[in-house]
Amino acid sequence: MEESSIHKLPKALFHDILSRQPIQTLQECKLVSRSWLASINDPAFHNLHLSTADESESTIFLLVFSDWPKPKLQLAELGATEEETAKTVKIIQLDGSMLLPDFDLVGSCNGILCLYNTVSDDPLYIYNPFSSSAHCKELPKLTVHDTDTICRVVFGFGFHSRTKQYKVVKVVYYKQSEYDFSGGNPEAFVLTLGTDDDEWRRLGRIAYALAGPASEATVECRLHWKSCNLGDEGVVSFDLEAEEFQAVPGPKDCSSFDHLVNMRGRLCAVELSSDGSVGVWVMRRYCVKESWSKEFAIPSHVPRSYSMEGGAPPTRRKKNGIKGRSFKVLWEFKDGKVLFLYRSKCLVVYDQGSGGFEDVCIRGLPQEFQAFVHMGTLISMDPVSNAQHRA
């Protein structure tokens, strides 16, 4: 269809058609004409595309982060099903990663990344690699009185669908003795992006020892961390609207779990067994302890592509915690297959139906890396930070 013909369509219909295109296609559509560029750069269209992308899951991305020999952030494009994955994977280098010499990832929300300076934990940055203003935007710094006694900092980043607000959370733990490496007496702060009063607000002291460096799963507009001091509870949430921390009951028949993940909008806990197998527990009704059930188990498996040859990067201690782990569940495809990261080296798909495994081969990946699911959107940095994003 020629441009002159397609522009005879009602604007709403034209935008609806465009909104169903993959993010990479939309990047190319910007080059068609000035009118197409204006349509795609319209903040209202960004919100429409976000809602469509969230429903269709036509394309997902993996953020691939490595901190050795220097921090490097890449983006791998995956298909919506395991069959499409092997055909469509490619690496996209993020220009924004060159702006920060030493950084780590807080999280990804609606296509927006939140990064932080690992040397001083400040400042933080937000960044969308697909927006028209693809650059890192620095957020206000947090000032605390006892800077010299800070032991570690735990972060969170999320969006509330009703209030339409993005928020960044920082929980600061202070040294309780000279050789204290976990900290205590935690103090919580929150920054709401896009408000007139664009500064950190103190929420007060909290009673939870959160595992860092950042929240692991966002469910029901709440951030979730694994807790180190709650025993059977094991999970702490932060309500992005009420701005309150709360203990969440963990699986009653699971002695301990390794990490949390959002699978199909439900909170899941991943349990590692001594025999190498992995159990995935699902909370079917949010915050109801009795609703936890073991959804499936992944048998012990060593990927064909896994190798110890070439050695490994030196062990690095990070004061805020380490995201790397022996096994991490990343995503459940529409067909029920599960994507996971093995020993920070291999991406593997597990088929619940057949019980088989398939390596996901992506050229150009670092020797050792972390991986996070990311959604490709056009949400602009300026609307987020200047209160214009009101989808």
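Contacts come up here as heavy atoms within 4.5 Å, and in the protein chain, residues 24 or more positions apart account for 53% of those with a separation of 6 or more. Please keep in mind that this is a predicted model, where local features need pLDDT of at least 70, side-chain atom pairs count only at pLDDT 80 or more, and totals for chains, interfaces and linings use all residues. Residues are numbered from 1 along each chain as its sequence is written, and side-chain values use heavy atoms, leaving out hydrogens and water.

Of the 391 residues in the protein chain, 52% are buried, meaning under 20% relative accessible area with a 1.4 Å probe, protein chains only.

Now, on to the aromatic rings. Rings of Phe, Tyr and Trp (its six-membered ring) pair if their centres lie within 6.5 Å; planes under 30 degrees apart are stacked, over 60 edge-to-face, and the rest tilted. That rule gives 12 aromatic pairs. One of them joins F61 and F130: the centres are 5.3 Å apart and the planes stand at 45°, so we call this pair tilted. Both F61 and F130 are buried.

What about F340 and F357? Their ring centres lie 6.3 Å apart with the planes at 90°, so this pair is edge-to-face. F340 and F357 are both buried too, and ring pairs link F327, F340, Y350 and F357 into a cluster.

Last, charges over rings: NZ of Lys or CZ of Arg within 6 Å of the ring centre and within 35 degrees of the ring normal. The charged end of R152 is over the ring of Y173, 4.1 Å from its centre, while K170 lies over the face of W200, 5.6 Å from the ring centre.

Technical notes. Buried means under 20% relative accessible area, exposed over 50%, partly exposed in between (1.4 Å probe, protein chains only).
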